[in-house]
Amino acid sequence: MSASTPCDRQKILLIDDDELIAGSLRRYLSTQGCDVDVALEPSAAEGLMGERCYDVVLVDPYLTGGVLHDEDVLLTTIRALQPDASLIILTGYASPALALIAGRERATALLTKPQSVLFLSQFVAGASQSTAVAGRTLS
């Protein structure tokens, strides 16, 4: 891996029940030198976060079988288990309430679906390398 690879050795956790999005991002970020884990459900995410420290956690808080009535729970759990990780929220259901929770949990960004894999991978790769994006909400 060259020194200029933007994602060299970053540990990233993707939490999304959309296998197409998670798989595409994982493949692309892996080719950029990232160490990427994918969790398709909340219990798998909690298990991984209990075992490893991540530089970036990218999450859709509305997972099937997960947070459908209380988006607060998953985001609070992520922040508790990964206090130093950059937290990026990616959802098709952004709302003012979710934006408030994102701010409280010190999310790096709240992004809306759909986003291109290239944009997401560049954003994720840069999230733990720069504190300049902290606190920004993008749509």
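Biologist: How many bridges pair strand S3 with strand S4, and in which sense?
Modeller: S3 (residues 56-59) and S4 (residues 86-91) pair over four bridges, in the parallel sense. Two strands count as paired if DSSP finds at least two bridges between them. This is a predicted model, where local features need pLDDT of at least 70 and side-chain atom pairs count only at pLDDT 80 or more, while totals for chains, interfaces and linings use all residues. Residues are numbered from 1 along each chain as its sequence is written, and side-chain values use heavy atoms, with hydrogens and water left out.

Biologist: What stands opposite Leu58?
Modeller: Ile88 in S4 does.

Biologist: What is the strand order of the sheet?
Modeller: The order is S2-S1-S3-S4-S5, in an open sheet of five strands with parallel pairing. At the edges are S2 (35-39) and S5 (109-112), each of which pairs on one side only. On average, neighbouring strands are turned by 20° against each other, direction ignored.

Biologist: Which strands does helix H1 touch?
Modeller: H1 (residues 19-31) packs on the sheet and touches S1 (11-15), S2, S3 and S4. Contact means heavy atoms within 4.5 Å. The direction of H1 makes about 170° with that of S2. Axes are lines fitted to C-alpha atoms, for helices over the stretch in contact, and angles run from 0 to 180 degrees between N-to-C directions.

Biologist: And where does H5 lie?
Modeller: H5 (residues 117-127) lies across S1, S3, S4 and S5, at about 160° to S4.

Biologist: New topic: which residues have the most contacts inside the largest nonpolar core?
Modeller: Leu13, Ile15, Val57, Val59, Ile78 and Ile89 do, in a core of 22 residues. S1, H2 (42-51), S3, H3 (72-81), S4 and H4 each give two or more residues to this core. A nonpolar core is a set of buried Ala, Val, Leu, Ile, Met, Phe, Trp, Tyr and Cys residues joined through side-chain atoms within 4.5 Å. There is also a second, separate core of 16 residues, which includes Ile12, Cys34, Ala109 and Val124.

Biologist: What does Ile15 touch?
Modeller: Leaving out residues up to four places away in sequence, Ile15 touches Ala39, Ala45, Val57, Leu58, Val59, Asp60, Leu63 and Ile78.

Biologist: Which residues of H4 are buried?
Modeller: In H4 (residues 96-104), Leu98, Ile101 and Ala102 are buried. Seen down the axis, the buried residues of H4 fall within an arc of 100°, so they line one face of the helix. That arc is taken from the directions from the helix axis to the C-beta atoms. Pro96, Leu100 and Gly103 are exposed on the other side of H4. Buried means under 20% relative accessible area, exposed over 50%, and partly exposed in between (1.4 Å probe, protein chains only).

Biologist: How much of the chain is buried?
Modeller: Buried residues make up 45% of the 139 residues.

Biologist: What is the phi of Arg106?
Modeller: It is near 55°, a positive value in a residue other than glycine. Arg106 sits in the loop between H4 and S5.

Biologist: Where is the cis peptide bond?
Modeller: The cis bond joins Lys113 and Pro114, with omega about 0°. Pro114 is in the loop between S5 and H5.
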